[in-house]
Amino acid sequence: MSEDAPVNTGAVEWPDADSAYFAVRRMQIKLHRWAGDDESRRFGDLFNLVYDPAFLVHA
């Protein structure tokens with residue numbers, strides 16, 4: 001890796017704790033609703049939620 005490569009600072013804006021809580025809560029409600037509507041539904045892209053800034057701040 002080049003020493004001259006720019007550092008990616010500011011690429012992610014970290015939410016404050018209150019907005020992170022509400023973002024996580026909205027996603028939990030949405031996932032719960034989807035799972036209840038279709039019992040055979042699979043959620044294969046949950047990995048992206050783990051790295052979501054709101055989920056990390058709330059965790």
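Okay, let's start on the outside: the exposed residues D18, R26, H32, G36 and D37 sit on the face of α1 that is turned away from its buried side. Keep in mind that this is a predicted model.

Now the helix itself. α1 runs over residues 17-37, so to speak, 21 residues in total. From first C-alpha to last, α1 reaches 30 Å, close to the 30 Å you'd expect at 1.5 Å a residue.

What about the other side? In α1, the buried ones are A20, V24 and L31. Look down the axis of α1 and its buried residues fall within an arc of 25°, so they line one face of the helix. And what covers them? The cover over the buried residues of α1 includes α2, residues 47-50, and α3, residues 53-58.

At the N-terminal end, α1 has a cap, and that's D16. A side-chain oxygen of D16 lies 3.2 Å from the backbone nitrogen of D18, and D18 is one of the exposed residues I began with.

Next, the rings. How many aromatic pairs does the structure hold? There are 3. One of them is W34 with F43, and that pair is stacked, with 6.5 Å centre to centre and 15° between the planes.

Notes
Residues are numbered from 1 along each chain as its sequence is written. This is a predicted model: local features need pLDDT of at least 70, side-chain atom pairs count only at pLDDT 80 or more; totals for chains, interfaces and linings use all residues. Side-chain values use heavy atoms; hydrogens and water are left out. Helices (H or I, at least four residues) and strands (E, at least two) are DSSP runs, numbered from the N terminus. The expected span of a helix is 1.5 Å times one less than its number of residues. Buried means under 20% relative accessible area, exposed over 50%, partly exposed in between (1.4 Å probe, protein chains only). The arc is that of the directions from the helix axis to the C-beta atoms. Contact means heavy atoms within 4.5 Å. A polar contact is a pair of N or O atoms within 3.5 Å; within protein, one must be able to donate a hydrogen and the other to accept it, and residues adjacent in sequence count only if both atoms are side-chain atoms. Rings of Phe, Tyr and Trp (its six-membered ring) pair if their centres lie within 6.5 Å; planes under 30 degrees apart count as stacked, over 60 as edge-to-face and the rest as tilted.
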